[in-house]
Structures are given as structure tokens and as C-alpha cells.
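Please review the following briefing alongside the sequence and coordinates. It covers confidence, helix packing, salt bridges and selected loop and strand positions.

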Amino acid sequence: MQSKLEVFSKALIIPSYQEILALPIFLGNLEKLIDKDVAIVVCDDSSAELHEKLKEKIENSLDTVKDRIFLFPHNLKSGRGSAVRRGLIFSINNFPNVK
């Protein structure tokens, strides 16, 4: 049986900082544009409180895409480059079919 993470052949990494309003809308629109084999890795540098609100909003409003979204908090604003690196490391280590 194929694991949930093996179904992904691509990963889209999105750095985020305090995007509680725009990100859920963006992710909802993004779902219509990308294939089902694309994992969406959101590296969020927001505070723990904002991260929890964002996570709740995504879970409550994005039923069809939420199984493909991997949301990671960092609690420090480390910049886009660091966020993308964290997402790449996660993708390489967790999605065996991503090339």
C-alpha cells in the first residue's frame, strides 16, 4: 500500500509571514491550477498565535486541498530564503517520489 507521502511527485514551497487573510484565499485558488500529485509546503514564520489561527482557517475552509497542505511554524522571521530551505529539506526527507 502506498503511503500518503508517496503520492506526491512534486512539492510547491510557499514562504509565509503573517498572511492569515491572503494565504487561505491563495491556497484555495491554487488548488484549481495544480495537479493532485503536488504537495503544498507552507513555511510560516508568523508568531505561534497567528500560526494557530492560520492552521484553523485552512482546516475549516479548504476541504478539498487541505490533505495536500503541510504547514510548518517557525516563530521567528528568518526570511524567504530560510523558509524555502526548510521546505526543501522537509520535501527531500519526506516525499520519496519528489524529484
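Buried means under 20% relative accessible area, exposed over 50%, and partly exposed in between (1.4 Å probe, protein chains only). The model is predicted: local features need pLDDT of at least 70, side-chain atom pairs count only at pLDDT 80 or more, and totals for chains, interfaces and linings use all residues. Residues are numbered from 1 along each chain as its sequence is written, and side-chain values use heavy atoms, with hydrogens and water left out.

**Confidence**

- The protein averages a pLDDT (the predictor's confidence in each residue, from 0 to 100) of 82, and 90% of the residues score at least 70.

**Helix packing**

- Helix 1 and helix 2 (residues 48-61) pack at an angle of about 35°, with axes 10 Å apart; axes are lines fitted to C-alpha atoms, for helices over the stretch in contact, and angles run from 0 to 180 degrees between N-to-C directions.
- Leu23, Pro24 and Leu27 of helix 1 make the contact (heavy atoms within 4.5 Å) with Leu54, Lys57, Ile58 and Ser61 of helix 2.

**Salt bridges**

- The whole structure holds three salt bridges, each defined as a side-chain nitrogen of Lys or Arg within 4 Å of a carboxyl oxygen of Asp or Glu.
- Asp37 pairs with Lys10, the closest N and O atoms being 3.0 Å apart; because Asp37 lies in the loop between helix 1 and strand 2 (38-44) and Lys10 in strand 1, the pair ties together parts 27 residues apart in sequence.
- Arg86 pairs with Asp45 at 2.7 Å between the closest N and O atoms; Arg86 lies in helix 3 (residues 80-94) and Asp45 in the loop between strand 2 and helix 2, so parts 41 residues apart in sequence are tied together.
- Arg86 is partly exposed at 23% relative accessibility, whereas Asp45 is buried at 4%.
- Glu49 and Lys53 form a salt bridge with the closest N and O atoms 3.6 Å apart; being four residues apart in helix 2, they are separated by about one helical turn.

- Ser16 lies in strand 1 and is buried, with a relative accessible area of 5%.
- Beyond residues up to four places away in sequence, Ser16 touches Leu23, Val42, Cys43, Asp44, Asp45 and Ser46.
- Gln18, in the loop between strand 1 (10-16) and helix 1 (22-31), has a positive phi near 55° although it is not glycine.

Definitions and conventions:
Helix = DSSP H or I, 4+ residues; strand = E, 2+ residues; numbered from the N terminus.
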